[in-house]
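The stops below go in order.

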Amino acid sequence: MHRLRTFITSRRTSWIVLVSALVAAGAIFAAGTGNDEGTLPGVGLPDSAESAQAAAAAETLPGADSTVALLVFSRGGDALTDADTEAVASAAGALSDYSAEGFVPPPTFSDDETTALVTVPLDKLSEAGAQADRADEIRETANADLPAGLTALLSGPEGFAVDIAAVFEGADFTLLLTTVIVVAVLLLITYRSPWLWLVPLVVVGTADGLAGIVAARVAALAGIQLDASVTGILSVLVFGAGTNYALLLIARYRDELRLVEDRREAMSRALRGAGPAIIASGSTVVLALLTLVFAELQGNRALGIACATGVVIAMIFALVVLPAALVLFGRGLFWPYIPKFGSEGSAERGVWHKLGVLVSRKPVAVAILGAVILGALSLGVPQIKIGLSQTESFTQVPEAVQGQDIIADAFPAGSGSPASVIVNSDFAEEVAQAAEGVNGVDSVRIGESTDTITQLTVVLDDAAETEASFAAIEALRSELSAIDGADALVGGLDAQALDVERAQQSDQDLVIPLILGLVFIVLVLLLRSLLAPILLLLTVVASFFASLGASWLLFESVFGFPAIDTNVVLFAFLFLVALGVDYNIFLVTRAREEAVEHGTRAGMIRALSSTGGVITSAGILLAAVFAVLGVLPLITLTQIGIIVCIGVLLDTLLVRTVIVPSLAFIAGEKFWWPGRVISVGAEVRTPQHAAGQHAAAKHSTPKTTPGSEAGASQSVEKTAEGEPHHAKHSVDR
C-alpha cells in the first residue's frame with residue numbers, strides 16, 4: 001500500500017495517474033451508455049407473476065401491438081348540451097385518422113349526461129418523443145372547434161404513458177444541474193476558499209458522468225436497461241457519496257499538512273489514515289446495494305447494480321484521482337485558511353472537543369435523552385399508509401389523472417382501467433358468466449380471440465389501485481381458478497399493481513435482513529469487536545424509524561400525500577442504514593486509532609473533535625443532495641429524498657454527535673469487546689505489542705541526551721507498514 005500511495009502522490013508519477021484517468025474517462029464517454037434515449041420506468045415483475053403471464057399471453061392476440069387513448073369530454077360537472085353531443089361525435093370522427101383500426105367507436109355518455117368518453121385504438125410507439133408528438137396532435141384534434149366551456153382531456157394507458165414520460169423529460173439535466181449547484185454552494189461554505197471546492201467538484205462530477213455510462217453497461221450484461229428514475233437516484237448517490245469521501249480525505253490532508261512540511265508526504269499520510277475508513281464505508285454501501293440482486297422486481301435489481309457500480313467509481317476517484325489532483329497545487333489551494341506547518345490542530349480544542357467532554361461527563365443521561373428523541377419521532381410509524389395508485393403518484397396533477405378522476409365520477413370507477421382476463425377459448429362464455437357474479441365486478445365483455453385463447457375485459461366497480469379493487473381482483477382469481485380447464489389468468493392495471501405490491505413486500509422481507517447482516521459483518525471485521533457493531537447498528541436502525549415517522553408527519557400534514565409508495569420503505573432503509581453507518585465508521589475508526597495512544601475515553605473525544613466538523617459538513621451536504629430528488633414531480637422520488645434527508649441529518653447531528661459517543665463512554669474499554677486495548681504509560685497498545693515492548697526493553701536501554709528525543713520525533717517517523725519517512729522536508733512545500 002505504501003508503494004501505491006507513493007505512486008499516486010509523488011512528483012514523478014502523480015501526473016501519470018491524472019493522464020491515465022483522463023484517457024480512460026474520454027474512452028468511456030466516447031463509448032456511451034448503449035441505452036435507448038427516453039427509457040421509462042418499467043414494472044419489472046418476474047415471469048411467475050399472474051399479471052405478467054396474462055400480459056405475455058395477450059401478446060399473441062390480434063391487436064397486441066396496439067394501445068388505447070381515452071378522450072374525456074366534460075363541462076366541469078355540468079350536463080352536456082345538444083351542441084356538445086354533436087361536437088363530441090364530430091371529434092370522434094376526426095380522431096379516426098389516428099386509430100390503429102381505421103375508425104373510432106361511437107362515444108359513450110355517462111348516465112348523468114355530464115361526461116362523454118371516446119376510445120381511440122392506437123399503434124404502440126417505442127420512442128417517447130414520437131409518442132409525445134402524437135399525443136399533442138390528438139389533444140389538438142379533440143379540442144378543435146369545441147363549444148365554449150367544453151374540454152377534452154387525454155387519459156387512459158396512452159395518456160398516462162405520455163405524462164410519465166413528461167415527468168422524466170430532461171430529468172437527468174435538471175437533477176444534475178440542481179445537484180451541482182447544491183454541492184458547489186456547500187463546498188464553498190465548508191472550505192471558505194475561492195478555488196479549493198473546484199477540485200473535488202470536478203473530480204466527483206467526472207465520476208458521476210462515468211458512473212452513468214459504466215452502470216448502464218454493467219446492467220446490460222444482466223439483461224437490464226436502466227430507466228430515468230434509476231439514473232436519477234444513481235447521480236444523486238454518486239455525488240453525495242463521492243463528495244463525502246472527498247471531504248473526509250481533504251480534512252485529513254489538512255491535518256497532516258500541519259504535521260508534515262512536504263505536501264506530497266502529507267497526502268500519503270492522509271491516504272493512510274482516511275483510506276481504510278473510506279474503503280470500509282464504500283464497501284458497506286456497495287454490499288448493501290448488491291443485496292438487491294436477489295430481489296424479484298427488476299427495478300430493484302437495476303437500482304442495486306447501477307448504484308453499487310456508481311459507488312465503486314466514486315471510491316476510486318476519491319482515493320486515486322482526487323489525491324493526485326490535490327498535490328498538483330501548493331498549500332495556497334486552501335487560501336485564505338492555509339494549514340501552516342507546525343500549527344495547532346483541532347483534536348484538543350474547539351466546539352466539538354467541548355461537546356465530547358460534556359457528553360463524557362453524563363453519558364447515561366445523554367443516551368437516554370437521545371433515545372427519547374428518536375422514540376418520539378418514531379411514533380408516526382404505526383400510522384403510515386403504504387401504496388400509491390397511479391393517479392396519486394404525481395406531485396403536480398397531470399392531464400391523464402384529471403381525466404381519470406372525471407371518468408371515476410361519471411362512470412363505474414374502474415372503467416378507465418379494466419381488468420384483462422385470458423382464458424382458453426372453449427371456456428370463454430363460462431368464465432364470463434362466473435366473472436359477472438364476482439363481488440366488485442360491474443360488467444364483462446368478451447374481446448379478441450384466437451383458436452386457443454380469448455381475452456375478457458372486466459370493468460370493476462371501484463377506482464383503480466384501491467383496496468376494494470384489489471379485493472375484487474383477488475376474488476376474481478379465486479373464482480376463476482376453480483374452473484377446471486379454463487386456465488384463467490387475471491391481468492390488467494389493478495392485477496399488476498397488486499402483484500407489484502406483493503413482490504415488493506417479498507423483496508423487503510428478504511433484503512432488509514441481508515443488509516443488516518452484511519453491515520454487521522463489515523463492522524465486526526473493521527473494528528474487531530462485537531459490542532461496538534451491535535450498538536452502532538442499533539443506533540442507525542433507530543434513526544431510520546425516527547426519520548420514517550417524522551417524514552410521515554410531514555407527508556400527511558404538510559404535503560398532503562395520501563400514502564408512501566410501496567418501494568420507498570426498502571430504498572430509504574437501504575440508503576439510510578448504509579450511509580448512516582458511514583458516519584459511524586468515520587468516527588469510530590478514528591476513535592480506535594486515537595485510542596491506541598490515548599485510551600477509549602480520550603480517543604473518542606479526540607475523534608469527535610477531529611471529525612466533528614467534516615462529518616457534519618458531509619452529512620448536511622448528503623442530506624441536501626438527496627433532497628434534490630424533490631425537484632421532480634414524482635411522489636416516489638420526493639418521498640425517498642425527504643426520508644433520507646431527515647435520516648442523514650439525524651445520523652449526523654444526533655446519533656453520531658452524541659448518542660454513539662455516550663454509548664462508548666458508558667461501555668468504556670468494553671466497547672471494543674471481545675478485543676481490547678491496554679495502556680502502557682502515555683501509550684496504549686494491544687497485549688501482544690505491549691509484551692513485545694517489554695521484552696525488547698530488557699535487551700536494550702536507549703541513551704538520550706536532552707532534546708534528542710524531541711529532535712528525533714521531528715526528523716523521522718515510523719509509518720504503519722514500518723517504513724521510515726521524514727516528517728520535515730526543505731523542498732516541495
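This is a predicted model: local features need pLDDT of at least 70, side-chain atom pairs count only at pLDDT 80 or more; totals for chains, interfaces and linings use all residues.

Residues are numbered from 1 along each chain as its sequence is written, and side-chain values use heavy atoms, with hydrogens and water left out.

Select residues 14-31, helix H2 (helices are DSSP runs of H or I, at least four residues, numbered from the N terminus). Its 18 residues should span 26 Å at 1.5 Å a residue, and the end C-alpha atoms are 26 Å apart, so the two agree (the expected span is 1.5 Å times one less than the number of residues).

Next, color Ser14, Val17, Ala21 and Ala25, which are buried (under 20% relative accessible area with a 1.4 Å probe, protein chains only; exposed is over 50%). Seen down the axis of H2, the buried residues fall within an arc of 60 degrees, so they line one face (the arc is that of the directions from the helix axis to the C-beta atoms). They pack against H1 (2-9), H8, H10 (263-290) and H11 (contact means heavy atoms within 4.5 Å).

Turn to the face away from the buried side: Leu22, Val23, Ala30 and Ala31 are exposed there. Gly32 follows H2, with a positive phi near 80 degrees.

Last, select Val203, Val204, Ala207, Gly242, Ala314, Phe317 and Ala318, which line the largest cavity. Helices H8 (198-221) and H11 (298-326) each give two or more residues to this lining. Six lining residues are nonpolar, one is polar and none is charged.

Terms used
On a 1 Å grid over the protein atoms alone, a cavity is a set of points where a 1.4 Å probe fits but cannot get out, and a pocket is an open set with protein on both sides within 12 Å along at least five of seven lines; lining residues have an atom within 4 Å of a point. Ala, Val, Leu, Ile, Met, Phe, Trp, Tyr, Cys and Pro count as nonpolar, Asp, Glu, Lys and Arg as charged, and the others, Gly among them, as polar.
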